[in-house]
Amino acid sequence: MDNRVVITGLGVVAPNGIDLKTFTHAIQHGVSGIKYDQQLTQLGFSCQISGTPELSDELISRYLTPLELKNFNSTGILYGVIAGMDAWHDAGLSGPTGNEPDWDSGTIFGTGTSGIDKFRESIYKIDEQQIRKLGSTVVAQTMASGVSAYLGGKLGLGNQVTTNSSACITGTESILMAYERIKSGQATRMLAGSTSDSGPYIWAGFDALKVCTYKNNDAPEKASRPMSKSASGFVPSSGAGALVLESLDSARSRGVRIYAEVLGGNINSGGQLGTGSMTAPNNTAVQRCIKAALLNAGIEGKDIDAINGHLTATAKDAVEIQNWSAALGLEGTDFPFINSLKSTIGHCLTAAGSIECVASVLQLDHGFIFPNINCEDLNPEITGIIDRKRIPLKFLQKDLKVVAKASFGFGDVNACIIFKKYRNE
Amino acid sequence: MNREEIIARLKPIIKVYVDDKSSLDHLDESTDFIKDLKINSANLVDIVLDVEEEFAIEIDNTAMEKMLSVGASIAVIEQKLADK
């Protein structure tokens, strides 16, 4: 029989909070983590703001040894290690105690690139024919699976240790893949999550694509405007989110807190056909993904209390709402509450899905819907589909049963996951 | 520079790569980096880079391969200093 899968640990490194407590407070109060970014300005970016987690040396030294920090230059691995270890400890778990790996625990921790700054540094050395001066850690820091490899070593994991990569759905996908592994009995516990590097070398391509906003450089906190009439592109950001997934049996036998249950979900692609392309979603596929997620979770559209959307603050926001409405068969006042975390933290790219899933699970656990900021001027195309009261502008205390989270990404890929409040039943 | 002086300058370099710092208490020329100090073999290339910087010398691949113990490292350093 399939295992039921629950969430027993959370960790987050976000632009508006680098630990669970600060992050929870920030999302409840609509605290923005978007700031002016001097480096982007100096390099001539159109978008001169970003959401970059701020970490002190003291904090970093609690997660990485002086030897690990020697020649270390990978923000993505750093964020992933912090969020991942925090989630592990939050679940009441500790690192290795002897020489025996934890055979029943693994990790699926995604990223888009790894150690892009380390890679840049290395490329300069290589071109100067200084290969031997690269040192021993270039591979570990720049291989895509660097983040899962670091975590696997720190936690002594003996089950699958891997990194997935699928653009902006990466984080949501990692959780669904971990869920499947536990559900089918191949692992008891999986650390699922994703991370994304910070800085100009990761964000420049998006600036060149003109998908980042350049109209709000003088008002960083107002710049990320999902669902608003004045949405003009996303704000690039970074960080990591991590969740410990565990079989219900294991969580019960350990007697630990259960944040929520993963009811199910779906991952698909639109094949870059129809309305789909490398950069735009095939709407038929998006709707199919959401519908398949409901079916997989054994629920109907009306069972969803709140949606945490992808909603990046581009012209595509209205299309996303239309897709949700069509997939759920709900509109107007019947539509669930919906919010976008990107209004306060920007678009964390490959880290977006996991950080936003952490926020979704916190909503279920504490019973609230976090406010959308910067959409007082709602896009009329959106209010033509759903009632404006379904888009909370203020913190809403509310007992939630089911939250749906979806992510959509380049390559025409989609992921939708369904979380349910866990009650001892 | 005598061998004691070289050891004194070598010790802080090596220390960074050693988990159990107490193993450094009995450091002498016979100390093996991997067997005695449990240094990760991947870090041997980092030690060589640090030694190059500290003594302002350049260590070629052949010499590098010999630097598995304190004594062997001292021999390489002495040789390279003499060649300067």
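# A tour of salt bridges, cysteines and the A–B contact

At 31% relative accessibility, Glu29(B) counts as partly exposed (buried is under 20% relative accessible area, exposed over 50%, partly exposed in between; 1.4 Å probe, protein chains only). This is a predicted model, where local features need pLDDT of at least 70, side-chain atom pairs count only at pLDDT 80 or more, and totals for chains, interfaces and linings use all residues. Residues are numbered from 1 along each chain as its sequence is written, chains are lettered from A and ligands numbered from 1 in the order written, and side-chain values use heavy atoms, with hydrogens and water left out.

**Stop 1: chain B.** Arg3(B) sits in helix α1 (residues 3-15) and Glu29(B) in the loop between α1 and α2 (44-55), so the pair ties together parts 26 residues apart in sequence. Helices (H or I, at least four residues) and strands (E, at least two) are DSSP runs, numbered from the N terminus. Arg3(B) is partly exposed, at 30%.

**Stop 2: the interface.** Select chain B with chain A. The contact takes 11 residues from chain B and 6 residues from chain A (heavy atoms within 4.5 Å). About 780 Å² is buried between them, 50% of it on carbon and sulfur atoms. Buried area is the accessible area (1.4 Å probe) that two parts lose on being put together, summed over both. Show Val16(B), Asp46(B) and Leu49(B): they lose the most area on the chain B side, together 46% of what that side buries. The rule finds 2 salt bridges across this interface. Pick Arg132(A) and Glu52(B), whose side chains meet in a salt bridge at 2.7 Å, N to O.

**Stop 3: chain A pairs.** Select Arg225(A) and Glu376(A), a salt bridge at 3.8 Å, N to O. Both residues lie in loops, and the pair ties together parts 151 residues apart in sequence. Arg225(A) is buried at 11%, while Glu376(A) is exposed at 52%. Next, select Asp102(A), Arg189(A), Glu246(A) and Arg254(A), which are linked in a network of salt bridges.

**Stop 4: cysteines.** How many disulfides are there over all chains? The count is 0 (a disulfide is a pair of cysteine sulfur atoms within 2.5 Å). For Cys289(A), the nearest cysteine sulfur, in Cys416(A), is 5.5 Å away. Cys289(A) is buried, at 0%. Finish on Cys375(A): its sulfur is 18 Å from the closest cysteine sulfur, in Cys348(A), too far for a bond.

Terms used. Salt bridge = Lys/Arg side-chain N within 4 Å of Asp/Glu carboxyl O.
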